[in-house]
Structures are given as C-alpha cells and as structure tokens.
Amino acid sequence: MINQRQLFLQHVGQTSPAPLLIEIERAQGIYFYDTSGKKYIDLVSGVSVSNLGHNNPAVVAAVKAQVDKYMHLMVYGEFIQSPQVLLAKELSAVLPPHLNCTYFVNSGSEANEGALKLAKRFTGRPNIVAFKNAYHGSTMGSLSVMGGEYFKQAFRPLVPGVRFIDFNDETQLDAIDHSVGCVIVEPVQGEAGIICPRDNFLGKLRQKCSEAGALLVFDEVQTGFGRTGSLFAMDTFGIYPDIVTFAKGLGGGMPVGAFVSSKEIMDSFISNPVLGHITTFGGHPVCCAAALASLQELRNNQDIIPHVNSKGDLFKTKLKHKNIRSTRGCGLFIAVDLAEPSLVVKFVAKGAEMGLITDPFLFNESCIRIAPPLNITKNEIDEACGLILDVMDNI
Ligand code: PMP
C-alpha cells in the first residue's frame, strides 16, 4: 500500500529537492515525535512561531473555547468579533501610544504587503527603500523588497521603485529622499544570519525617515513576541517605527498576521479607494483567540521573557567546538557560525537523524539557526547543547 511519505511527495506541493520527511505524530513543549515514536528537540520552533512551546495549554484551551462559539463569519472589518477586538486592544496596550490600530491578516508576507500598500497610499510616494539580505516573504510585493537576487530572478518583473541598501551602513541612508514612501527593515536581520543593528543604526534610520517624510516599517514577523529578549525588538533597541508587521509568534501556533500603525495612517484605507485592503480570513476568530492567550501568557508569565537573554547566553557559552567558529544573536535568536559552509547541510541532516531540529538561513551559507521555544528550561538547554555537540562530533 502506498504510504504517507509517498503520498506527500506525490500530492503535496514541493519546494525542496531534499525535504526532511519526518512524519509527525505529536508535539509538546520543545519536543515533537514522529510516527515511530522517535523524539526530536525542536530548536527552530516552526521558524520562530511556537514561542511558548508546542501545544501550550493556554493556547489550546483558547482555541477549543473559540471553536465552540464560532469560526469564520464574514470578511475582515465588517462584523465586531470579540477575539479580534480584544487582541487589537491588547496589542495597543503593549505598543507605544502611536501604534494603536491593527489590521489583521493571515501571514507575514501579507502583513508586509498591507504595510507597503498603506505607506504608499498614505504618503502618495512611489519608491521604497529595503535592505540587502532582507527577507519579508514570498508574495510578489514582499518578494520585491527581499534583498537576495537568487530567490527573485525567476519571478521578474516585480514591483518597481525599490532601492536596496546595506544594513548597518549609515553612509547609504541618503537613498531615503522625498520620493520614498517607506523604508522596510527587520530590526534584527533574520535570514541574513541574525545580524543585530550596530552603532545606533536604527536610531539613525529613524531620524532619516522622519526628515524625509518616509514612513519607517519594522518587520517584526520573526523578532516579535519575545524572541530578542523584549516583547518586541523595537523595545530591545528603543526605536519605534510608523508601521510594524507581525505574524509567526503572534498566533502561538495558529496562522495570523497583522500590521499596526496609527489610527490616522490606517484610516487611509477607508477612502480613495474604499476597501484599500481586504481579506476574507484575516483575523480569523480562532487564530485571534489563540494569539490573545499567547500574548497574555508572554506578558503575565514572568518566567519567560525576562529569562530569554540569559538562556541565549547559556547557549552561546555551551556551544564551543572545533566546528563552531562563533555564535551571535540577541535573546533566543541565535546564529551558530560553522567552520566550513559545507558543514551546514551535514549538520542539519545528521541532527535530524540524531533527533535535533535546526535550520539553515536563506542568505547565509555558513550558519545554522537556533530559535527554540522561549520557555525552554535550563535543563532542556543542557540537553539540547549536549546533542548539538554530539552531532558536531559526528559530521
Ligand atoms: N518577514 C520575516 C522577517 C520573516 O522571517 C518571514 C518568514 N520567514 C516573513 C516575513 C514571511 O512570513 P510568512 O511566511 O508568514 O508569509
């Protein structure tokens, strides 16, 4: 009889010539288990999604309670649905006062699409500044501001008017002139291999945007919800954008994205044209209920975010090996730089074989990603680092 693996390869759209092909049975905390009962330590968290671990009880309870009340009713923005309203209110409570109006979507790409459209509509300006090695998503607009040629070339023509500059290079900020509607930036570059801002680069970027009248858009899709040691990376660096985008960790494991701005800016979607951005499933009530439970847990449980930096440091201290050149990052958003690029593929494959899930980056060929659930315990970090070093010994 044809098995699930064959069916997966035959009938589920493929994007990689060598998928890991682990057949998942269940997941809990930092672990998941395949159908043979083999246990894996998940150091990727579904790419910075499961910040509270897999199957977090508070999130699961919120999902079940909402499913019993109602699921989809009507496209976003027509009916008053309590999970959306409460989540938008909670987001306003944890964001600076000017980021007080949330538009819910389904994913990070879509959040960035919405943010770019909003900035164009509000400023009436045609151009966008983005960064080399930036990742913002896979749809046409998000792809257009992605800073890596390899992933874009086959899909041209893309959105015109995008200028790319180097992250952390203030000498290039002159590209931000009065024709620029917005600058989109990850406050910590993720897929570039965890590049943190240096020498108040974000502050200088903020200042330049304000001078030029360009809106500053922070893509916090991967950095948001505790990953860098504060609830948001903008808090870690004390620099605030005009629009911020979220997804991944927002939903606690359910698919939801958002872009947040001021009420004044957001209201530009009401006119000229009306329905400036619309979505059928964006802000799905079950996803918003999950997101609210997740955000409340991250806010109220003092055992999580306040410990993210020390846990990140523990990884960095323990990960010493001849195959490791260095570790870097902020919070639990870590890149491990290996001695040779060829070790990356070997490490990820051997890791999976030995029960360890890590991931390469799109724009960095020598690093592997460590982004575990934020509530990983110190004992689990010991276990994970022991296994990482074991895998290193075996590649
Ligand atoms: N922005 C950033 C910074 C991301 O890391 C990602 C996903 N890796 C996205 C946007 C796109 O999110 P999604 O896959 O949900 O569309």
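I am working with a predicted model, where local features need pLDDT of at least 70, side-chain atom pairs count only at pLDDT 80 or more, and totals for chains, interfaces and linings use all residues. Residues are numbered from 1 along each chain as its sequence is written, and side-chain values use heavy atoms, with hydrogens and water left out.

**Entry 1: the seven-strand sheet**

I looked up the strand order first. An open sheet of seven strands runs E4-E10-E9-E8-E7-E5-E6, and its pairing is mixed. I took strands (E, at least two residues) and helices (H or I, at least four) as DSSP runs, numbered from the N terminus. Two strands pair if DSSP finds at least two bridges between them.

Which strands stand at the edges? They are strand E4 (101-105) and E6. Each has a single partner strand, so one side of each is left without a neighbour in the sheet. From one strand to the next, the twist averages 20°. For angles, axes are lines fitted to C-alpha atoms, for helices over the stretch in contact; values run from 0 to 180 degrees between N-to-C directions.

I then checked E4 against strand E10 (residues 257-261). The two run antiparallel and are joined by five bridges. Val 105 has Gly 257 in E10 as its bridge partner. Helix H8 packs on this sheet and touches E5, E7 and strand E8 (215-219). Its direction makes about 145° with that of E8. Contact here means heavy atoms within 4.5 Å.

**Entry 2: the four-strand sheet**

I found another open sheet, with four strands in the order E11-E12-E15-E14 and antiparallel pairing. Strand E11 (324-330) and strand E14 (359-361) are its edge strands, each pairing on one side only. Neighbouring strands are turned by 35° against each other on average, direction ignored.

E11 pairs with strand E12 (residues 333-338) over six bridges, in the antiparallel sense. Cys 330 has Phe 333 in E12 as its bridge partner. Helix H13 (residues 342-353) lies across E12, E14 and strand E15 (364-370). H13 runs at about 30° to E15.

**Entry 3: salt bridges**

Side chains of opposite charge can pair when their charged atoms come close. My cut-off was a side-chain nitrogen of Lys or Arg within 4 Å of a carboxyl oxygen of Asp or Glu. How many salt bridges does the whole structure hold? The search finds 14.

I opened the pair Asp 166 and Lys 132, which meet at 3.2 Å, N to O. Asp 166 lies in the loop between strand E6 (162-165) and strand E7 (180-185), and Lys 132 in the loop between strand E5 (127-131) and helix H6 (140-144), so the pair ties together parts that are 34 residues apart in sequence. For exposure, buried means under 20% relative accessible area, exposed over 50%, and partly exposed in between (1.4 Å probe, protein chains only). Asp 166 is partly exposed at 29%. Lys 132 is partly exposed at 37%.

Next came Glu 170 and Lys 204, with closest N and O atoms 2.9 Å apart. Glu 170 sits in the loop between E6 and E7, and Lys 204 in helix H8 (residues 201-212), 34 residues apart. Glu 170 is partly exposed at 44%. Lys 204 is partly exposed at 27%.

I also noted Asp 242 with Arg 206, at 3.0 Å between the closest N and O atoms.

Leu 73, Met 74, Val 75 and Phe 79 make a nonpolar surface patch of about 330 Å². Patches are made of residues with over 30% relative accessible area and no salt bridge, with like charges joined within 9 Å and nonpolar side chains (Val, Leu, Ile, Met, Phe, Trp, Tyr) within 5 Å. Areas come from the Shrake-Rupley method with a 1.4 Å probe; for residues, only the protein chains shown count as cover. Phe 79 is in the loop between helix H3 (57-69) and helix H4 (82-94). Phe 79 counts as partly exposed at 45% relative accessibility.

I ended on Met 392, in helix H14 (residues 378-393). Met 392 counts as buried, at 0% relative accessibility. Leaving aside neighbours within four places in sequence, Met 392 is in contact with His 321, Asn 323, Ile 324, Leu 338 and Phe 347. Met 392 and Lys 322 are 8.6 Å apart, C-alpha to C-alpha, and 70 residues apart in sequence.
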